[in-house]
Amino acid sequence: RVEAVSVGGQDIAQIFDTAGNDQILSDAGNAKIISSHQTVSANEFQVVNIVANKGGFDQAFVNGTDGADAAHVEVDRIRIDNSDGRTNRVIGVDKTELDLRGGEDRAYLTGSGGRETLVASYNSIEFESTLQMLQMVNAEHTKFDGDGGADEVFLEDLDLLESLGDEAKGYLKDRTIRVEDFAVLEAKSVDSSFADYEMEAIEYLYMLRGQWAKK
C-alpha cells in the first residue's frame, strides 16, 4: 500500500494501473487505484492523473464538488476541472461512473469521428464508444459534438426540442442538452411538450415520440 499526500503548491500526481482488473476512486485533488495486490492513493494534489494502459477491465468512480465543475469527455479520457481549482483526469478506463454532484455543472462530450451512442434523460447521460462507457449524473448543461461518423442520439424526458439539420437543443425542466454533428436523433417528450424541428438534409434522421404539441 502506498499513500502520497501533497502539503501545498502545484503538485501533480500520476498513477498507473496494473495488468489486472483495477478499481479507481477519484474526486477533487484525490485518487485511489485498487488492484488485487496493491492500493495506491494520492491526496490533496492540484492535479491528479490516472492512466490505465496496462490491460484488464478497469472501472472508475469519479465525483465532482458541490460547486460549479466542468467535465470534458473524449472517447478514452475524462478531465474534471473542479470549482476549487483542482483537476482530475482519468485516461484509458473501460467504464466510468461520473457524479458531478451539486452546483451549476457543465459537461462537454466529444466523439471520435467513428460511431458513438448518447442516451440522455433528465438526470442521466450514457455515452458509449468503442473505447469506453460513461455513465454521468447531475450535469445541468451538457453539450455533445459527434465529430462526424454514424453517431446516434436518444433524448428522453424533453419539455422542448429545437432542431435544425444536425444540431439540436433539448430542454429538460431546469437542464439543457445540445447535440451536433450526429447521424440519428430520436427524441421522446413528456406530455404537452413542444417540438420545433426541420430536416435540413436527408442524411439526418429524426424520430419524435410522445405527445408533442404544436409550437
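I take a salt bridge to be a side-chain nitrogen of Lys or Arg within 4 Å of a carboxyl oxygen of Asp or Glu. With that cut-off I looked at Glu 44, Asp 84 and Arg 86, and found them linked in a network of salt bridges. I note that the model is a predicted one.

For the contact of Arg 86 with Asp 84, I read 3.6 Å from N to O. I then looked up accessibility: Arg 86 is at 18% and counts as buried, while Asp 84, at 43%, is partly exposed.

Entry on other salt bridges. My search of the whole structure returned six. One of them joins Arg 77 to Asp 76, with the closest N and O atoms 3.3 Å apart. I find Arg 77 partly exposed at 36% relative accessibility and Asp 76 partly exposed at 25%. I also list Arg 79 with Asp 81, at 3.0 Å from N to O. Arg 79 has a relative accessible area of 29%, so I class it as partly exposed; Asp 81 gets that label at 22%.

Entry on aromatic rings. I found one aromatic pair in the structure. The ring centres of Phe 127 and Phe 144 are 5.7 Å apart and the planes stand at 65°, so I record the pair as edge-to-face. Phe 127 belongs to strand 14 (residues 124-128) and Phe 144 to strand 16 (residues 141-145); the pair links distant parts of the chain, 17 residues apart. I have both Phe 127 and Phe 144 down as buried.

Entry on Tyr 122. I see Arg 175 over the ring face, 4.7 Å from the ring centre of Tyr 122. The charged end of Lys 173 also sits over the Tyr 122 ring, at 5.5 Å from its centre.

Note on methods. Residues numbered from 1 in each chain as written. Predicted model: local features only at pLDDT ≥ 70, side-chain atom pairs only at ≥ 80, totals over all residues. Heavy atoms only, no water. Phe/Tyr/Trp six-rings, centres within 6.5 Å; stacked < 30°, edge-to-face > 60°. Helix = DSSP H or I, 4+ residues; strand = E, 2+ residues; numbered from the N terminus. Buried < 20%, exposed > 50% of the residue type's maximum accessible area, 1.4 Å probe, protein only. Lys NZ or Arg CZ within 6 Å of the ring centre and 35° of its normal.
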